[in-house]
Structure formats: structure tokens, C-alpha cells
Amino acid sequence: LVSRKKKSEDTIVELRGEQIGNGKPQFIFGPCAVESYEQVAAVAQQVQAKGLKLLRGGAYKPRTSPYDFQGLGLEGLQILKRVADEYDLAVISEIVNPAHIEEAVDYIDVIQIGARNMQNFELLKAAGAAKKPVLLKRGLAATIDEFINAAEYIMAQGNDQIILCERGIRTYEKATRNTLDISAVPILKQETHLPVMVDVTHSTGRRDLLLPTAKAALAVGADGVMAEVHPDPAVALSDSAQQMNFEQFDHFWAAIQEFMGVH
Ligand code: PEP
Ligand code: MN
């Protein structure tokens, strides 16, 4: 169902009046994790001030260590909903448990399925059954074919509102947290009719690489870019090395606009 051979025209994902996949790149910014109302609202204000509409933030955090901050859970989703309404933004947040989907759809606009859950088939089916857009991230060690099949699981349930997100894969290279597979973008665009975004934060794990990789993503035809922004990354409860502060966010956004030819 996701194959270009089945449907030649691009699928456009619609959320709160915004479109992803219509040829104009979209941008998703926000903190790695929802930490407090004040923290999310501060980022939302920066996003809104740039005329942007899409906000991310994790309420359920899939952490490598069980002793690291696990997210605020439902309280985090409630914070996102309050901020989304106050700043007129669409929110994207990761759901890790199929049993949470029904409740989560009342609070968020896009269900994110994280890299670690790309082949959690029960979660994919539950997301497919929910009538909400899904942002599906590529697994840490998933081939493009496995990634496409994961999207197929969602669409097989009748939900075609899927955004594919390349977020880097695990290789022997240690200079970056993951290796951004930039060629996955044009391959996914050719093989499927779905919008494709690139998460530059988790691909690189390096703040200094966010801008060049975002430009690369746009140059190869990505439908958008995701990156993490935090009011004070040094004290962030997760991903402190790679989130942008507000000054870096301003610089990033100005450079991206210049790159896209917006003046
Ligand atoms: C995230 O976007 O918050 C995240 C955990 O990313 P990934 O699943 O790609 O590691
Ligand atoms: Mn993160």
C-alpha cells in the first residue's frame, strides 16, 4: 500500500491546517523531553515567533538506562495539549505502549513511533487503527526495506497519514551518535508515496552538525526536518549534548531560511 507502484501521487499529511509532503519543507522543533509546563511553553513561544506550527516533545522517553529520566507520561501529554492550545501549534509526541494510544490521541496531533519501536508490530497496528497522523522513525539497525514494511503495517490498518523519518542508523563510525543515511531520503521518496523527514538531532548527536545535515536533507528532497530545542540544554534531563538553545535556534533558522531562499 505504501509503494509508489500502487499510488503515483504524493501522500500529503494534514494536521491542524498544516500539510507535510506538499513540496514545501516543514520543520518540527521542540525539546527532547517534556520536563515542565514552563519549559515547553518557552520553546513554543520561540517556535510561534518564527511563524512555525509544529512542536515536538517526549512524554514517554525510551531511555537506554532504566535509571535515566523516563518522562512525565500522561502529565507530559497534558502539558503538550495545554501549550498546543495556547500557542496554536500541532504537537508530536512518542507513544511506546499500544495501550496508551487511545488515551494519547486526545492530547496530541501526531503519534511518533520511535526508532526502538519501529518493529513493535502491535504498536504499529494500534497506531494504524487510530485515526491520527503517525511519524514513524527508522529503527537503529533497520534496512530501508524493513522501514517500508513497518509503514505498511500502519497503512494496512487503514491509516495513510504516515510521515517517514530518517534518524540515522548504527554503524562502526563513532564521530556521530548515528550515521545519517542521506541516500535513504531519495530512495524512500522513489519507493513510496509518503512524506519523508530527517531528524538531524538524533542522526548526529552533535549540535555543530545540525545545520549542515539539515541543508543536506533539504537538498536531497526531504519534506522537512526535525531538531531539538531546549531553553537550557546544559540542564536538560535528556540529550543535553545535542539540543539547541534559543540563540542557536535563531541562528539555525536564519541560516535555513537563507538556504531555502527566503528573505
Ligand atoms: C525522539 O525523537 O525523542 C527519539 C527518542 O528519537 P529516536 O526514536 O529516533 O531515537
Ligand atoms: Mn532526544
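Which residue is the bridge partner of Ile28 in strand 4? The bridge partner of Ile28 is Leu54.

## Basis of the model

This is a predicted model, in which local features need pLDDT of at least 70 and side-chain atom pairs count only at pLDDT 80 or more, while totals for chains, interfaces and linings use all residues. Residues are numbered from 1 along each chain as its sequence is written, and chains are lettered from A and ligands numbered from 1 in the order in which they are written.

Helices (H or I, at least four residues) and strands (E, at least two) are DSSP runs, numbered from the N terminus.

## The barrel

A barrel is closed by 8 strands in the order 3-4-5-6-7-8-9-10, with parallel pairing. From one strand to the next the twist averages 25°. Two strands pair if DSSP finds at least two bridges between them.

Strand 3 (residues 26-30) is joined to strand 4 (residues 54-56) by 2 bridges in the parallel sense. Strand 3 also pairs with strand 10, in the parallel sense over 5 bridges. Here Gln26 stands opposite Gly224 of strand 10.

## Strand 10 and its surroundings

Strand 9 and strand 10 are paired in the parallel sense over 3 bridges, and Val198 has Val225 in strand 10 as its bridge partner.

Helix 8 (residues 210-219) lies across strand 9 (196-199) and strand 10 (224-228), and runs at about 165° to strand 10. Axes are lines fitted to C-alpha atoms, for helices over the stretch in contact, and angles run from 0 to 180 degrees between N-to-C directions.

## Ala236 in a loop

Ala236 sits in the loop between strand 10 and helix 9 (246-260). Ala236 counts as buried because it has 21 C-beta neighbours inside 10 Å. Leaving aside neighbours within four places in sequence, Ala236 is in contact with Cys32, His230 and Gln243 (contact means C-beta atoms, placed from the backbone, within 7 Å). Between Ala236 and Asp145 there are 91 residues in sequence and 35 Å in space, C-alpha to C-alpha.

## Helix 1 and helix 2

Helix 1 (residues 37-49) packs on helix 2 (residues 74-87) at an angle of about 35°, and their axes are 10 Å apart. On the helix 1 side the contact is made by Tyr37, Val40, Ala41, Ala44, Gln45 and Gln48, and on the helix 2 side by Ile79, Leu80, Arg82, Val83 and Tyr87. This contact has 8 nonpolar, 2 polar and 1 charged residues (Ala, Val, Leu, Ile, Met, Phe, Trp, Tyr, Cys and Pro count as nonpolar, Asp, Glu, Lys and Arg as charged, and the others, Gly among them, as polar).

## Helix 4 and helix 5

The axes of helix 4 (residues 121-129) and helix 5 (residues 144-155) come within 7 Å and cross at roughly 45°. Helix 4 is therefore oblique to helix 5 (under 35 degrees is roughly parallel, over 145 roughly antiparallel, 65 to 115 roughly perpendicular and the rest oblique). Phe121, Leu124, Lys125, Ala127 and Gly128 of helix 4 meet Ala150, Tyr153, Ile154 and Met155 of helix 5.

Leu123, Leu124, Ala126, Ala127 and Gly128 are the buried residues of helix 4. Their cover includes helix 3 (101-104), strand 6 (110-113), strand 7 (134-137) and helix 5.

Notes
Contact = placed C-beta atoms within 7 Å. Buried ≥ 20, exposed ≤ 12 C-beta atoms within 10 Å, placed from the backbone.
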